[in-house]
Amino acid sequence: FVGISIASCQDKEKAKKYRLIFVNDDWKTNKEKYLENKDYVKTIYLYKTDSIPIWINEFKNLNVISSVDDSNQISYFPEGLEKCIDLQELIFIGDNLSEIPSFIGNLSKLDTILLSENKIKEIPESFGNLKKLSRLDISNNKLSRLPKSFSQLESLQVFQISKNELTALPKDIGRLKKLTFLQANDNNISELPESFYELENLLNK
């Protein structure tokens, strides 16, 4: 990743240009450093940390938050994340997440969610509120079912849920008319629902 730490940037014009910061575990003791130019920050990359800053809600214009270090072991989303209403991309691959909070459904601008290689056991019903979500990768977790609201993801185009514990796909999955790619191998699915064959735009069925 190429960028500049806005936290250490004294030139506000440069801060406006780069609009990203790299945050590590010292956020716990150096809050002021990271919040110096909070109004300009659009992207946060987390590295060498086991948690998301509890004051994440102070980044009012945040669009992207991503865990970019294999050594990260982030296990939960803090409540403050609910206030990041402009969030568009949520990327936590290979962390230690076990659940998705119900407030995720309030982040209505989310377009991309990548949460593969975690320990997630359930997706909340509020997930169906994410009308702009176009890409979801939640493969290699511990999911045994999908929420009833899943078929409400009307913008979903790419859905990856391989290497979980699913026994079935939603009966009304055919409502996902924009879906072009579905990856659901290495589950316990023995039969496809009838509506699956209504996915006319699916390229890999």
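Begin by selecting the strands: eight of them form an open sheet in the order 1-2-3-4-5-6-7-8, with parallel pairing. Strands here are DSSP runs of E with at least two residues, helices are runs of H or I with at least four residues, and both are numbered from the N terminus; two strands count as paired if DSSP finds at least two bridges between them. The edge strands are strand 1 and strand 8 (181-183), each of which pairs on one side only. Neighbouring strands of this sheet are turned by 10° against each other on average, direction ignored, where the axes are lines fitted to C-alpha atoms, for helices over the stretch in contact, and angles run from 0 to 180 degrees between N-to-C directions.

The model is a predicted one, in which local features need pLDDT of at least 70 and side-chain atom pairs count only at pLDDT 80 or more, whereas totals for chains, interfaces and linings use all residues. Residues are numbered from 1 along each chain as its sequence is written, and side-chain values use heavy atoms, with hydrogens and water left out.

Next, select strand 3 (residues 64-67) and show its side chains: Val64 and Ser66 point one way, Ile65 and Ser67 point the other way, and all are buried, buried meaning under 20% relative accessible area, exposed over 50% and partly exposed in between, with a 1.4 Å probe and protein chains only. In a regular strand the side chains alternate between the two faces of the sheet. From Ile91, continue to Leu114 in strand 5, which stands opposite; three bridges join the parallel strands 4 and 5 (residues 112-114).

Now turn to the aromatic rings. Rings of Phe, Tyr and Trp (its six-membered ring) pair if their centres lie within 6.5 Å, with planes under 30 degrees apart counted as stacked, over 60 as edge-to-face and the rest as tilted. The count by this rule comes to eight aromatic pairs. Select Trp27 and Trp55, an edge-to-face pair at 5.9 Å centre to centre with 80° between the planes. Because Trp27 lies in the loop between strand 1 (20-23) and helix 2 (31-35) and Trp55 in the loop between strand 2 and strand 3, the pair ties together parts that are 28 residues apart in sequence. Both Trp27 and Trp55 are buried. Trp27, Tyr34, Trp55 and Phe59 form one aromatic cluster.

Ile56 also sits in the loop between strand 2 and strand 3, and counts as buried at 0% relative accessibility. Draw a C-alpha to C-alpha distance from Ile56 to Leu81: 6.1 Å in space, for residues 25 apart in sequence.

Which residues line the largest pocket? Select Ser144, Arg145, Leu146, Pro147, Lys148, Thr167, Ala168, Leu169, Pro170, Lys171 and Asp172.

Key. 1 Å grid on protein atoms, 1.4 Å probe; cavity = no way out; pocket = protein on both sides within 12 Å on 5 of 7 lines; lining within 4 Å.
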